[in-house]
Amino acid sequence: MKNEINKQEFEKLSFWQLLENRSIEIPIIQRDYAQGRAKNKKVRSNFLDALKNALIGNPVELDFIYGSEEKNILQPLDGQQRLTTLFLLHWFIFNKEGKLDIVKERLMKFTYETRISSREFCKELIDKSIDYKNLLQLDKEKRICGENQLSETIKNASWFVISWKNDPTISAMLIMLDSIQAIFKDSSDLWQKLIETKEDIRPITFLYIKLKNFGLSDDLYIKMNARGKALTPFENFKSRFGKHIEINNWEKELNNPVATFSHKIDTVWTDLFWKYKVRNVRRNEDGKQIFEYTIDVSLINFIAVLAINHYSINYTANKKTEVENRLKILFNNPNEISCDDFPTKDAFDYFVNSMELYCSQNNYSDLKSDVNLWKYCKNTLFLDVIQNVKTEWQSRALFYAQTTYLLNNEFDVNSFNDWMRVVRNIVENSAIDDASTYISAVSLIKLLSEGCVNIYKYLSTFYLPQQIHAKDQLKEEIEKAKIIKLIPEAKKSIHAMEDTNYFKGKIGFALYCIDLNFNFEIVEKFDQEKFDNIKIFFDNNLQDLNTKVSDEFKRAFLTIEKGDYYEFWKLWSHSFKLNKRALFRINKDLRDNFSLKSDWRRDYFKALIIAYLSKGSLKKIIDDFDVPSDMPKWKHRLIKEENLLKGATFILFPDNNSFCYLARQPRPTQENQVTRID
């Protein structure tokens with residue numbers, strides 16, 4: 001059977017048929033035989049089980065094998081591992097069943113060029129063979145057991161050279177032969193099946209491509225088959241995915257071979273990832289350090305993210321659990337990516353379009369929004385994704401937003417920044433911490449992307465559904481969009497407030513301080529000067545959420561209303577038999593307990609800010625404070641005496657307010673841990 005792919009003919013052959021008209025020579029530049037390495041036991045067992053099942057009635061096709069053929073000598077570019085395993089399987093079965101003499105000539109046509117020792121071992125194994133009926137007896141003292149009986153018999157043969165034990169390919173072959181022995185030792189009458197040539201009943205086949213006009217230089221071999229390394233998850237995926245595409249005829253309309261997945265994945269697409277190659281260090285057989293560069297991990301990370309995103313935007317309710325489970329797997333281990341993660345032409349197109357997007361001459365891989373994405377972006381979103389620098393779901397949601405904009409719009413720096421800002425605000429102020437919430441967030445981003453080219457115009461008329469991700473934050477984004485649409489000059493001030501470390505995109509409290517509430521209709525009330533002054537207040541006093549609240553701030557806060565802002569946190573101290581209240585530790589406590597609330601606490605904090613705008617400083621608020629006659633003396637002292645509150649985080653007092661204790665420890669239990677103020 002012959003077919004044509006990209007002007008290269010391929011045949012469906014068995015190993016026996018492949019050797020009929022050619023010899024196979026593993027070129028010297030190829031890596032050592034890896035399937036037989038001790039650490040590859042699981043891969044080895046699975047492969048041999050598949051071969052055994054094939055020989056007893058379940059035929060198997062081992063994908064493509066291809067290489068350069070000159071003067072009837074094939075030098076495989078891909079397929080070395082499978083061919084070597086098939087060679088060893090043929091030798092074992094023919095030797096075990098006493099038929100080796102009749103096939104010696106053909107098996108001799110398989111050889112290794114990697115080392116003289118490997119070549120000579122293959123030759124002697126066929127020519128001298130061993131007496132399978134007289135394997136070495138099991139002997140604990142000589143460390144001969146059922147798992148290594150065959151290999152020890154071979155190493156004990158007169159023709160076996162002791163120095164061959166240092167050849168990694170021979171060592172791996174011996175391990176493989178022991179594995180074959182373990183699986184096939186009880187099998188019989190298999191040799192005829194191996195030499196079967198009838199197309200319908202051949203048990204083990206592969207698709208052989210003889211590459212034409214294809215110069216196989218040493219550089220090419222090094223690039224595609226680094227010596228001493230097992231196939232990476234990406235190499236395995238690439239091979240299977242190419243066949244997956246062919247089976248589904250997803251590229252049947254492409255007339256140019258250069259436009260196919262198989263060509264691009266080894267050329268223009270990998271060229272991009274080589275810009276971000278990762279250097280690894282390993283030692284060769286002589287112990288010398290070798291520096292190698294790889295892109296496989298980056299590619300597999302990128303492909304897994306594309307699969308996650310396509311799952312998220314196309315899931316159906318009846319498959320929600322199934323999709324969530326798959327997302328968790330790919331999120332935690334991108335190496336688990338498989339062809340099944342791209343089950344449709346639409347999924348394949350998303351994969352190709354995203355690859356083409358970031359590999360284009362527009363250098364979108366280097367794109368970095370002018371908007372501060374805070375902890376969600378270390379380098380660029382693309383680079384973080386391929387290097388898996390940030391593992392948060394939020395970072396991936398931002399990458400999805402960026403990719404969606406670039407795929408569907410002509411790039412404009414201003415509209416792109418506005419779009420990424422809105423998504424950033426949503427990401428920061430909503431829960432996106434597992435597969436379920438990620439799907440919800442991506443669904444919202446997909447919905448909003450319909451207006452991403454002018455997101456504020458789109459949001460200003462956006463209908464807010466009852467059930468939607470990040471409903472509260474989305475509601476705020478809508479209100480801000482209304483302001484920006486009506487008062488374009490307000491955009492700069494709103495963005496500046498969003499970028500503060502205190503608010504981080506959620507500025508509803510700042511708008512409340514200038515008397516704008518959500519669901520307002522008259523946005524003309526936006527007082528830009530007052531709004532900008534409020535930002536100055538936060539810049540001067542509350543820049544970092546993790547900074548301790550200053551004593552001056554606490555003192556000024558005690559001047560507001562009844563001076564009892566500490567009532568936001570209530571507890572009874574059984575140790576002191578007193579009321580226990582909190583005085584704040586860090587600015588985040590203030591934000592979480594006052595700015596983000598919609599009760600009396602929000603008005604309390606607003607009153608302090610209005611006082612600040614009037615007085616110009618916290619100190620002036622304190623100095624100008626006229627102490628009411630009914631204010632407890634200890635509270636009066638806390639406001640007016642500069643050092644009393646230093647370091648205090650809790651306050652304890654009796655119901656009659658006759659005195660207070662200031663606690664400087666999180667859990668005061670003894671009187672010497674507190675200071676009494678009368």
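Me: Where does Asn363 lie?

Reply: Asn363 sits in the loop between helix H15 (345-359) and helix H16 (381-387). Helices (H or I, at least four residues) and strands (E, at least two) are DSSP runs, numbered from the N terminus. This is a predicted model, in which local features need pLDDT of at least 70 and side-chain atom pairs count only at pLDDT 80 or more, while totals for chains, interfaces and linings use all residues. Residues are numbered from 1 along each chain as its sequence is written, and side-chain values use heavy atoms, with hydrogens and water left out.

Me: Why is Asn363 called partly exposed?

Reply: Buried means under 20% relative accessible area, exposed over 50%, and partly exposed in between (1.4 Å probe, protein chains only). Asn363 has 42% relative accessibility, so Asn363 counts as partly exposed.

Me: What makes Lys577 exposed?

Reply: Its relative accessibility is 57%, so Lys577 counts as exposed. Lys577 is in the loop between strand S10 (570-573) and strand S11 (578-582).

Me: Why is Arg591 called buried?

Reply: Arg591 has a relative accessible area of 11%, and therefore is buried. Arg591 belongs to helix H26 (residues 587-595). Leaving aside neighbours within four places in sequence, Arg591 is in contact (heavy atoms within 4.5 Å) with residues including Asn429, Tyr502 and Leu545.

Me: What is the phi of Lys577?

Reply: Phi of Lys577 is near 60°, a positive value in a residue other than glycine. Phi of Asn363 is near 55°, also positive in a residue other than glycine. Most residues other than glycine have a negative phi.
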